[in-house]
Amino acid sequence: VTFDMMADRIDRRTHDTEAALAEQRRLSLELHHRIKNTLQMIISLVSMQQRDATGPREKAALRVTLERILAISAAYRVSYASSEGTDVEMEALVREVVEALRGPAMLPQGRVRIRAGPGTDGALIDLDRAIPLAFILAELLPPRFDSLLPGETIAVELSAPDRMAVTISGASQIHDTLDDNGTGSPPPLRVRLVRAYLHQLG
């Protein structure tokens, strides 16, 4: 076997590997695109059902469902916009989810402020962690949107002291906590869900 033959084999294997990786990326992006379109269809159907609902409890339940679907849809939109479709820019994710959740709450844009602190520019999170983060925002933000007093705003701040963190402040009427309530009764569903999503984030 000559040196030229070995070089040709290496070139062929390199080309085949690059082609396989390119095809894998293409299929991944295609999958994300189909998921994104399917979620958009579900959002439209739930929105129509919410508009047709007559009872306040039914409307409220459908709104919660819609908010959770909007959150995961936002995560996939940001993921699809990236070159690889696997990592998500944290600031873009938070902005996209907040914007999606403002709609059902009919909250003006100026009443939610998003701040990105030092060290957060370009920070990435993989899609498997972006989705639970989006769900956490979907559980925590809407009650705060609804309880805002005149003149109050919600602040969502990204910081990176040792690791990336998202802090939500504002809405003085909200005093929820993730701690046990001390009564022995199960915590509200939102609290149980947020705990589960935090566990997924690690």
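Student: What makes Met-41, Leu-45 and Met-48 a nonpolar surface patch?

Tutor: Such a patch joins nonpolar side chains (Val, Leu, Ile, Met, Phe, Trp, Tyr) within 5 Å, from residues with over 30% relative accessible area and no salt bridge. Met-41, Leu-45 and Met-48 form one of about 310 Å². Areas come from the Shrake-Rupley method with a 1.4 Å probe; a salt bridge is a side-chain nitrogen of Lys or Arg within 4 Å of a carboxyl oxygen of Asp or Glu. This is a predicted model, where local features need pLDDT of at least 70, side-chain atom pairs count only at pLDDT 80 or more, and totals for chains, interfaces and linings use all residues. Residues are numbered from 1 along each chain as its sequence is written, and side-chain values use heavy atoms, without hydrogens and water.

Student: Which helix holds Leu-45?

Tutor: Leu-45 is in helix α1 (residues 3-52); helices are DSSP runs of H or I, at least four residues, and strands are runs of E, at least two.

Student: Why is Ser-73 called buried?

Tutor: Buried means under 20% relative accessible area; Ser-73 has 1% relative accessibility, so Ser-73 counts as buried. Ser-73 sits in helix α2 (residues 56-81).

Student: What does Ser-73 touch?

Tutor: Leaving out residues up to four places away in sequence, Ser-73 touches Leu-39, Gln-40 and Ile-43; contact means heavy atoms within 4.5 Å.

Note on methods. Patch = residues over 30% accessible without salt bridge, like charges linked within 9 Å, V, L, I, M, F, W, Y side chains within 5 Å. Buried < 20%, exposed > 50% of the residue type's maximum accessible area, 1.4 Å probe, protein only.
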